[in-house]
Amino acid sequence: MHTSATERITDWAVWAFLWGFRILVLLIVVVGTIQSLRSGQYTSDQWIDFVVFGIARGSIYAVLALGYTMVYGILRMINFAHGDVFMAGAFAGYFVANGFSRTGFLERQPVVALLIAVLFAMLVSTTIAVVLERIAYRPLRAAPRLVPLISALGASFFIEYSFRGFFGPGVYAYPAVAPLAGEFNILGIGVLKMQALVVVAAVIMMAILYTIVMRTKIGKAMRAVSENKDVARLMGIDVDRTIVATFAIGAAMAGAGGVLFGLMFHQVNFLSGFVPGIKAFAAAVLGGIGNVVGAMVGGMVLGVFESVGPALFLGGVGIIRPYQLQDAIAYIMLVLVLLFRPSGILGERLSTKKA
Amino acid sequence: MKRTFSLVSLLVLASMVLAACGTPTAAPTTPPTAAGPEPTTPPEPAAFECTDAIGCVDIAPGDPIHIAFWGVLSGADASLGTDSQYGVEIAIDDAGGTLLGHDVQLTTEDALCTPEGGATAAQKLAADPTIVALIGSSCSDETVGGIAALTAAGLTTISPSNTRPALTAPDRGPDYAGYLRTAHSDAFQGKTVAEFAYNVLGVRKAATIHDGSAYAQALQQVFVDNFKALGGEVVAQEAVKKDDTDMHTVLTTIAAAAPEFLYYPIFIAAGGYITAQAKEVAGLENVTLMGSDGMFSPDFLTAGGAATQDMYLSSPDFSLFPAGYQTFVDKYKAKYGTAPLSIFHAHAYDATNIIFEAIKKVAVVDADGTVHIGRQALRDAIYATKDFQGITGTLTCSENGDCGAPVIAVYQIVNSDAASWNPGTNPKKVYP
Amino acid sequence: MTMTTADRRWRISDSIRIGLVGGIFAVYLCLIGIVEALGDRSVIEKLVSVGQTLLLLTAFGTGYFAAQQALAAGASRKTVTSLLASLLAGLGTGLLLGLLVLLGYLVNVRAVFINVSPALLDSLTLGLGISGVWLPVAVMAFVGLMGGVVRALPASVRSPLIVGLGAVVLGGLFSGLVRPPMIALKGTPEKVARFLMGPTGLTPWGAVIVFAVVAAIDITIFQASSPVRKSYRELPPNRRKIARGTLLVLAILMAIVLPRGSGPFIAQVVVLICLSALMGLGMNITLGFAGLLDLGFVAFFAVGAYTVGMLTSYGEFGLAHLPFWVVLPIAVLVAMLTGAFLGLPVLGIRGDYLAIATLGFGEVVRLLAGSDFLAPWLGGPQGVIGIQKPCLGWLGPFVGTDVPRVCHGIELGGPKEIYYLALICVLIVALVAIRLRDSRLGRAWMAIREDEDVAQGLGVNLIQTKLMAYVLGASFAGLSGAIFAVLVGSIFASSMQLLVSINVVAIVVVGGMGSIPGVIVGSLALIGLPEAFREFSAYRLLFYGAALIVVMIARPAGLWPSVITKRELHVDLDDETDPAASPSAASE
């Protein structure tokens, strides 16, 4: 293979640009950090708060990313409607919680009431996801890769605007749950009870999912289908059932996540799933898409960077209103990570055929 | 190739239909002559002749009087436009669905809260010669994009919810000849809030948050300028995004600046998140919170929960809203099964009624029931609106198109239960 | 669809299942509020509202399919069985709807589903209240039966009947689009419009005429045995070419006079279609040819628009007050540079990782454009306003802020004039795209789309080839943004939503990956149709979403697949074959 002079020059220019890009970002990070730490604008307690808030925020991303990652691992398909399945769960949980709150059951038996709300939300989310799989995805399993992506986008709009039709464009707010108000004191750090709950729930969900994928029969089937659908079928695995189970489990996680979201932030409306959905997708990619633990790590990293970044990096280099650019931090960090590790933090080296 | 053939033939068919439907010029009924006097005389037996400078609408017996609403009906801001649309529909219901013996027909156009959405909606409405007048748009951006097309078509629109000051500035230009609003300009609101904070609350260190919308950004800037002019200090000006949910971090940054007063004139969703989470951030527990009319709704109490207790909201002065407002809200709830979705439903109701009044004033009714409405005459009549008794107050339109009563009051929430929402008692008026 | 039904006998449960699916759909229509919201829009004035039509169509459809299925199952006494099946299906649909009505009267369903209002219930029982619960059941069962009757008719009768009925429904829906411009014409067109169409839909006479005319057209032209088709097929090849050429010339002529005749709205919509087609053609290079999924395409559009805005605006943020024609190439150039700048970091990223990385870049550009940080230059939330319109002629000098420069000549001020600019740009860009596709570079793109490593092994320089794809794709999008800026006259960061990028990807995939006419068809379908459905404002995106799913399932290769894709999918997409047959072949 011959390389002409121009090709060598472009290659060199690209190489220089990429390193320039990395160094620039690094410079902003370092200078920003030094500046904002030196300015003493924030106390050390406030820095700890930033990190704690970031972990809580990341946990919500992580819960959603779990579903993304599972579906992707098996079908190599970005299920854009996953965020909307999450929104549906939040709505379902709202109606149960609100009903219980009116009858006073929520105050008398908060744990039971919330469990019922979570279960109902999981049920609704799972139903929607399974129907979706049957109608919008299954007929497209053999189609070119982008076709199910567009179908998923369509499904996303369809769910969002169906819910707008059902419940109107207004905001619905979860009732306040007394035992979840206030904060714990863990090692001298004040942590909101709600945030602690979200983090714990996310970790538990990840553990359950990990066990399902690694230890159960259906998990084994999932891994087999993920490797090669045709071979799995030859081995006697019911591919359709395995895929439906994947969707159902992912959706159940999303439904539970929806209720957590509702309890933490109180409000739901028909577009509540859109932004978290995209962030969760980013988190899944960041952690290495297709990898359950990666989804968790990706979510946490994304959450913490989003939380700390505006104050630490951007505020430090003198950018005004840094919170407008919070998402920009997340995305640029994502690109940086992908530059160094093209398949995410915990991602396997993709064989090029799969990509 | 067959495919090409069938496509081409379809295209030809379609364009023939369109060409048949259209005309090079949407000619007014008569050549534009000098504007005649307003045709207020009772109908002559002789045939009506249009002498209006920009044409007339003729409504034959049995045809409806056609008005339109344009505003945001989909996407994240849908509740703003839908709320106004409901106000218009109730106004039509209250008129018995008829005007001058004709049914009233309402067309709605989604303008998407963007300038190009506004432009597209306006082009479509401008192409319909049966439309008499319009209510809209919802977002100021839509008006910026669409108003030229409407004015050029001889139409007049009254916005219930645009608050950008420039839209009714004296130098707003001839494109805005067909534009009025019943909403107030933010130039008044920001000033009132600054005076309240400095003089009544006695705070000297303030912080603000906006959500990146043209409305909030301009309003908080008006506040900041006025607050500084009074001698106060603005220690932090931050911004979030409309679709943010987790505000803990931005609030921590604000807490680091140690303000006494936090003003965030944004909308219900993000406003609710900030209010609820401000109580959870160390250093902000005792800071006075204040929002504006974008959050003045029982929905905000639901969204913000118990944290809304004791906070302040600025809003049009509801104590000057006549009793009719409460009846209106009852009708709204019965018809749509929800509490008002946003704040400008009453302004939309009034805008519609101003249009109805003006139509009644200028319409010429023939013996057979045909109604003729001169477009310039209608526009003039709307601008001439004086002491109109609406449910947002007594309205008089200025020559720059400001019809809203610019009387802003500050309210305090005394009970965070949304069911107790009743402007006047909860939230209670505290200033002026 | 259901292969198994052929080898077993028809069962009652089959029809009931179809009926229940229809019933769920009917209830869904009521719950999302579309039945009531469209209750005052008519298909036929004062007779049938659009909302009711949707429900009736649902029942008709279930009856039709139930009958079809019964016929396919090969029951004895076919006609009777199929009618029974359709009646059962209609009844099933009706029963679910009746259940909703009953529940609505007895329980406060509205506490959850806000659209189950007394007004809706009354419109379903025609005001009879709870004693009228049987009414929707009976009506739906009857209409279901009608569906079965129509199915039982011979094809030569059935086709014009269904096409005619469909035309009446469409005519009712779109009368609001056709009537106003006709009335504006005065004279005969106005009389015709008033005779055929009322303010909310077709008049009864209008419905009869539309039905008759369309059914007649169906019989004479579109049926396989029609004389027109036959005579066209019998033409010698050179005469066919002439016939096609004539039609092409006619189409071009029509395109030239279109905005003159149609008024500003249609022109505006066509310009928007052209702008998305331009972006689509750009995306077709990066995605369709080179296989690089870019979900941040709006970034280049934004760069083009902001460049024009800042360099031509006579408002506060105008930098240079240049004429549009000078700025246009600059905007394209800046967009290309941005393409290279954003393309470089993601060169080594593949597949879906690339999708999210580029999505991020698009969002970063939007956030920066709307941020207070860059507001002193880009206007932040207040946007860049006062963009100078293009002027064919001599442009007067700049006098001061907020005063447009005077155009001595023809000003392209509104959509009717910008239409030509957009159309010419689309034609030029389409030609460029065709030349690129057939060039060495085009073949290199397709090689890396198929397999990067093999392409590299064959001597394709990955870096250069990919960068060219980004840069050229970006240039088309920048052009689109530049025209957009002068069309609207102001730009705001809020216009640069992720939705724009998603739309462009959808246009390319729905049109057919890598297919240039596909991009045009995709833009017509995904930008043009939603504009035509404006009146359904709140439900537009709902239809859009549903349409994306349906199109993808029915035609996975796109509406107008490229020759290569067709070959790859081994699908015979010749016109003569039944279009419904191809998708199943493709998905198998």
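1. A note on the basis. This is a predicted model, where local features need pLDDT of at least 70, side-chain atom pairs count only at pLDDT 80 or more, and totals for chains, interfaces and linings use all residues. Residues are numbered from 1 along each chain as its sequence is written, while chains are lettered from A and ligands numbered from 1 in the order in which they are written.

2. Chain A overall. It has 13 helices and 4 strands (DSSP runs numbered from the N terminus: helices are H or I of at least four residues, strands E of at least two). The C-alpha atoms of chain A fill a box of roughly 75 × 60 × 40 Å along the principal axes.

3. Burial. Of the 355 residues of chain A, 55% are buried (20 or more other C-beta atoms within 10 Å of the residue's own, with C-beta atoms placed from the backbone).

4. Helix 10 of chain A, residues 239-265. Its 27 residues should span 39 Å at 1.5 Å a residue (1.5 Å times one less than the number of residues). The end C-alpha atoms are 38 Å apart, which agrees. Of these 27 residues, 22 are buried, so helix 10 is largely enclosed by the rest of the structure.

5. The contact between chains A and C. Chain A brings 54 residues and chain C brings 55 (contact: C-beta atoms, placed from the backbone, within 7 Å). On the chain A side, helix 6 (146-167) is among the helices that each supply at least two residues. Helix 6 gives the most, with 16 residues.

Methods: Two residues are in contact if their C-beta atoms, placed from the backbone, lie within 7 Å. A residue is buried if 20 or more other C-beta atoms lie within 10 Å of its own, exposed if 12 or fewer, and partly exposed in between; C-beta atoms are placed from the backbone.
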